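Reader: I would like to learn how to read the features of a structural model, one at a time. Please start with the general idea and then go to the case at hand.

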Amino acid sequence: MDSLSAVSEELAEIDGQIADIFRALSNGFQKLDKIKDVNRQSRQLEELTGKMRECKRLIKEFDREVKAMERRTNANTHRMLSEKKQSMVKELNSYVALKKRYQSNLESNKRVDLFDGPNEGFSEDNDMLASNMTNQQLMDKGYQMMDETDQAINRAKKVVQETVDVGTETGATLKAQTEEMSRIVNDLDSIHFSIQKASKLVKEIGRLLLISALWHYYFSL
């Protein structure tokens with residue numbers, strides 16, 4: 001940092017801020033290993049992602065400042081600054097890879113938002129980070145992103161199908177219950193009608209018995 005101060009106070013300040021973020025990232029991932037709760041892990045990972053995003057911004061700012069000073073620095077100083085930038089990018093990439101590993105572990109333990117990619121809000125394939133990749137690495141990265149997208153789509157299709165199946169089963173159950181209730185109502189109506197008929201029949205029998213008794217009494221006088 002002292003050598004950077006001799007070149008530019010602004011570069012030295014940016015370097016110090018990036019170093020602070022790297023220390024925070026190191027401590028954050030160590031803390032992440034000790035967290036067992038999946039939701040807390042997810043929140044911690046989001047916080048670390050925010051720090052990586054800020055670090056990326058500072059590295060780009062460092063790179064712009066180096067390019068602005070290019071004509072005012074000698075070859076050795078320019079080489080030192082370029083190596084410093086590459087070292088920053090390399091260290092950031094290591095944390096990006098670490099974040100992806102933890103994200104993958106979280107996905108196996110928790111159902112994430114179906115349409116969120118594993119690196120939502122933090123794009124790694126920007127010009128600066130990609131500058132250190134070979135063509136083969138870029139192709140592999142592209143294939144990996146396509147695989148992750150396919151997996152997300154397949155998960156979405158599965159959940160949609162499960163929802164449709166549940167809806168179908170629920171509809172069938174409701175239909176069966178409605179039909180059963182209708183049969184019960186019909187049965188109750190039939191019972192009520194039968195009771196009414198029986199009541200009328202009992203009344204009629206009672207009336208006939210009364211007439212018969214009166215008739216018998218009359219002729220016995």
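This is a predicted model: local features need pLDDT of at least 70, side-chain atom pairs count only at pLDDT 80 or more; totals for chains, interfaces and linings use all residues.

Reader: How is a helix defined, and what span should the 26 residues of α2 have?

Author: Helices are DSSP runs of H or I with at least four residues, strands are runs of E with at least two, and both are numbered from the N terminus. The expected span of a helix is 1.5 Å times one less than its number of residues. For the 26 residues of α2 that gives 38 Å, and the end C-alpha atoms are 38 Å apart, which agrees. Helix α3 has 32 residues and should span 46 Å; its end C-alpha atoms are also 46 Å apart.

Reader: Which residues of α2 are buried?

Author: Buried means under 20% relative accessible area, exposed means over 50%, and partly exposed lies in between (1.4 Å probe, protein chains only). The buried residues of α2 include L11, I14, D15, I18, F22, L25 and F29.

Reader: How many salt bridges does a search of the whole structure find?

Author: Side chains of opposite charge can pair when their charged atoms come close. A salt bridge is a side-chain nitrogen of Lys or Arg within 4 Å of a carboxyl oxygen of Asp or Glu. The search of the whole structure finds six. One of them joins K84 and D15, at 3.3 Å from N to O. This pair links distant parts of the chain, with K84 in helix α4 and D15 in helix α2 (residues 9-34), 69 residues apart. D15 is buried, at 8% relative accessible area, and K84 is partly exposed, at 29%.

Reader: What separates D20 and R23 in helix α2?

Author: An α-helix has 3.6 residues a turn, so residues three or four places apart point the same way. D20 and R23 are three residues apart in helix α2, and therefore about one helical turn separates them. Their salt bridge has its closest N and O atoms 2.1 Å apart. D20 is partly exposed at 42%, as is R23 at 49%.

Reader: Which residue forms a salt bridge with D63?

Author: The partner is K85, with the closest N and O atoms 3.4 Å apart. D63 lies in helix α3 and K85 in helix α4, so the pair ties together parts 22 residues apart in sequence. Both D63 and K85 are buried. Salt bridges with shared partners also join E54, R57 and E61 into one network.

Reader: How many aromatic pairs does the structure hold?

Author: A pair of aromatic rings is described by the distance of the centres and the angle of the planes. Rings of Phe, Tyr and Trp (its six-membered ring) pair if their centres lie within 6.5 Å; planes under 30 degrees apart count as stacked, over 60 as edge-to-face and the rest as tilted. The structure holds three such pairs. F29 and Y95 are stacked, at 5.9 Å centre to centre with 10° between the planes. F29 is in helix α2 and Y95 in helix α4, 66 residues apart. F22, F29, Y95 and Y102 form one aromatic cluster.

Reader: Where is T73 found?

Author: T73 is in the loop between α3 (38-69) and α4 (75-109). T73 is buried, at 16% relative accessible area. A polar atom of the T73 side chain lies 3.3 Å from the backbone oxygen of E70.

Definitions and conventions:
Residues are numbered from 1 along each chain as its sequence is written. Side-chain values use heavy atoms; hydrogens and water are left out. A polar contact is a pair of N or O atoms within 3.5 Å; within protein, one must be able to donate a hydrogen and the other to accept it, and residues adjacent in sequence count only if both atoms are side-chain atoms.
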